Structure formats: C-alpha cells, structure tokens
Amino acid sequence: MATLVAGGLLATATSAEAHNPTQRVWITVTGDGSHARISNDDVHPGWLTLYLRDATAPTLGAQIVVARMNPGYRVSRLVADIAQQLGNSTPAQAAASTRDINKIAVALGGGDTIGSQTFFTSDTIRLPRTGQYYIISTGAKNGPAVVGDLEARGRTVQTGVPNHSGDVTLGNGSADTITLTGLMPRDGTVRVTNSGDSVHLLAISSVADGVTDAQVQAEYDTLMAGGTPTSDPAGLLSQPAVSTGSDAISPGHSSLFSYDLPPGTYLLQCFVADDMTGVPHAFMGMHLVVHIS
C-alpha cells in the first residue's frame with residue numbers, strides 16, 4: 001500500500017494568459033448517454049483540457065474517451081471493439097478486440113464521472129497532430145456511441161499544462177502493472193502515462209480502509225477460478241461511494257488527470273482485456289491500493 005499526503009476556444013483571462021492561451025472543451029453527456037453537447041469542436045493540435053458533466057436521465061454516468069483513427073480505419077470499427085470490451089464477450093473475443101484497438105486507433109484519455117459528483121475535475125490530453133478526433137461515450141445505455149468530434153488545425157498549443165505532483169504509470173513493457181511515484185494529494189493533478197505495449201485505462205474507486213492489494217488479488221483469483229469470494233475488498237458487488245478516472249490511453253501517450261477526492265483508501269486499476277488471454281488486466285495484478293489523507 002502506498003501512503004500519500006494531503007479550444008478551439010482559447011480562454012484568456014489576463015494579459016499574461018493572452019501570451020499563454022489554454023485550450024478547453026466542455027462535454028456534457030445527455031439522454032441515454034449516446035448524445036452530448038460539446039462547447040466547441042474547432043481546436044488546435046497540442047494540449048487540450050477536457051471538462052465533463054453527466055446530464056444523463058436517468059443518471060447513467062458519463063464515460064468519455066477521445067481517440068484518433070489510424071489511416072484506413074473507420075471509427076465504427078473502434079466502437080464495435082469497445083463494445084466487445086464492455087459486453088458479454090468470450091475471453092477470445094475480448095482479447096481480439098484489444099489487439100484490434102491497438103492496431104486501428106490511438107486513445108488519448110478522457111474522463112469518468114457520475115451524476116452531480118465532482119471527483120473528476122478535468123483531463124488535459126495532447127492531440128499529437130492536425131486532423132479529426134472522435135469523442136466516444138463508452139457508458140451509453142445501448143452501447144458505446146460517437147457523440148462528437150474535434151477538428152484540430154493550425155498551430156500547436158504548447159501551453160495550458162497543469163502542474164502535477166505525481167506520476168501514475170500504466171504498464172511496463174509487456175508487464176501489466178500500475179505504479180505511483182511522487183505524491184497524490186487529496187485535491188490535485190497526476191500525470192498518467194502508458195508505458196506498456198497495449199492500451200490501458202485508469203479507473204479509481206473508493207474501498208474500505210485497510211484493504212490491501214493482496215486481498216484484492218485473492219478476490220480476483222477466486223473469481224478467475226470459478227469460485228465465490230467470501231469477501232469483497234475490491235468493491236465489485238456494490239457501487240463505490242467514489243468513482244472516477246481518466247479512461248483509455250494508448251502506449252507512449254500521457255494525460256494530466258485532475259481530481260478532488262475525499263480522504264480515504266482507493267483502488268487504482270485497469271479493466272482493459274489482456275490482448276492474449278482476454279482477462280481484465282486488473283485480474284492479472286494491474287491494481288494499486290493507495291491511501292489519500
């Protein structure tokens with residue numbers, strides 16, 4: 001356990017900021033999660049801060065990922081792959097969908113919030129080049145849906161990157177791990193980097209104080225063996241009091257995830273299916289218990 005201490009539209013509030021513009025986009029997910037209001041879709045390549053609001057009815061939560069398609073591939077194929085990750089797929093189907101995502105698209109981050117919760121503040125992502133980027137709602141009632149797109153053109157925005165106190169590293173080559181270096185204060189920003197060889201995501205949920213990674217892994221091992229766990233340290237059987245994250249990110253990319261969490265114990269993990277076994281990475285050990293005070 002790690003113990004931690006406590007856009008197109010260019011917003012320019014002061015003359016100093018006029019020389020260092022920050023690029024921002026607000027995304028409000030509505031209805032059954034398959035629609036969204038987007039503040040602006042004409043952006044520049046470079047750093048872009050995403051703000052996310054859940055206005056679904058009934059409340060479903062808002063889960064967003066921003067992705068760029070590799071040449072020759074359609075976004076509908078990526079949406080179908082994401083559906084395989086979330087649905088009642090066989091391990092072989094889930095593994096195939098991960099391999100295909102790695103081949104056809106580049107995920108750059110996003111966000112995860114629900115209802116009026118304010119645990120997710122923003123995710124600052126980097127658009128690596130000009131072109132089209134898709135905003136995909138992965139939590140829509142009837143399956144993942146494209147809810148908008150961003151067209152990046154013109155100069156590259158190099159400013160607007162928030163300071164961060166810690167680094168969350170997803171993966172280490174072929175090893176599916178989560179590590180934290182530096183500090184993760186109760187209210188702050190961490191840099192999330194995919195250093196693995198496959199797409200990963202960062203999910204954060206509150207768990208009971210005293211929970212350890214060994215206990216979480218024991219629950220997952222029991223489930224993988226077809227058994228019934230006698231306890232639920234990972235919090236799979238009930239809605240956690242706190243849930244947020246920065247969604248999927250491809251190898252070699254980073255985002256700056258800003259949050260506001262109550263003091264307590266949290267589980268950081270990745271639920272992307274392994275590209276060989278189809279088992280969620282978390283079940284294979286890609287989780288980290290942290291205590292925030």
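Biologist: Why does V290 count as buried?

Modeller: In this predicted model, V290 has a relative accessibility of 0%. Buried means under 20%. The value falls under that cut-off, so V290 is called buried.

Biologist: Where does V290 sit?

Modeller: V290 is in strand β19, residues 287-292. Its C-alpha atom is 9.4 Å from that of V211.

Biologist: Is L268 buried or exposed, and why?

Modeller: L268 counts as buried because its relative accessibility is 0%, and the limit is under 20%. L268 lies in strand β18, which spans residues 264-269.

Biologist: What does L268 touch?

Modeller: Leaving out residues up to four places away in sequence, L268 touches V168, I178, M184, L202, A203, I204, M286, H287, L288 and V290. What makes each a contact is a pair of heavy atoms within 4.5 Å.

Biologist: How far apart are L268 and M286?

Modeller: Their C-alpha atoms are 8.4 Å apart in space. In sequence, 18 residues separate L268 and M286.

Biologist: H44 is in a loop. Why is H44 called buried?

Modeller: The relative accessibility of H44 is 18%. The cut-off is under 20%, so H44 counts as buried. Its loop runs between β5 (42-43) and β6 (46-56).

Biologist: How many residues line the largest pocket, and which are closest to its centre?

Modeller: The pocket holds about 1200 Å³ of space. It is lined by 48 residues, with L86, D112, L201, A203 and F271 closest to the centre. A203 is also among the residues touched by L268.

Biologist: Which element gives the most to that lining?

Modeller: Strand β16 does, with six residues. Elements giving two or more include α2 (75-86), α3 (91-104) and β15 (200-207).

Biologist: How does the lining split by class?

Modeller: There are 26 nonpolar, 19 polar and three charged residues.

Biologist: How do you know how confident the predictor is?

Modeller: The chain averages a pLDDT of 92, and 93% of the residues score at least 70. Over residues 1-20, the pLDDT is below 50. That stretch still has 48 contacts in the model, beyond near neighbours in sequence.

Note on methods:
Residues are numbered from 1 along each chain as its sequence is written. This is a predicted model: local features need pLDDT of at least 70, side-chain atom pairs count only at pLDDT 80 or more; totals for chains, interfaces and linings use all residues. Side-chain values use heavy atoms; hydrogens and water are left out. On a 1 Å grid over the protein atoms alone, a cavity is a set of points where a 1.4 Å probe fits but cannot get out, and a pocket is an open set with protein on both sides within 12 Å along at least five of seven lines; lining residues have an atom within 4 Å of a point. Grid points are joined across faces, edges and corners, and a volume is the space filled by probe spheres set on the points. Helices (H or I, at least four residues) and strands (E, at least two) are DSSP runs, numbered from the N terminus. Ala, Val, Leu, Ile, Met, Phe, Trp, Tyr, Cys and Pro count as nonpolar, Asp, Glu, Lys and Arg as charged, and the others, Gly among them, as polar. pLDDT is the predictor's confidence in each residue, from 0 to 100. Buried means under 20% relative accessible area, exposed over 50%, partly exposed in between (1.4 Å probe, protein chains only).
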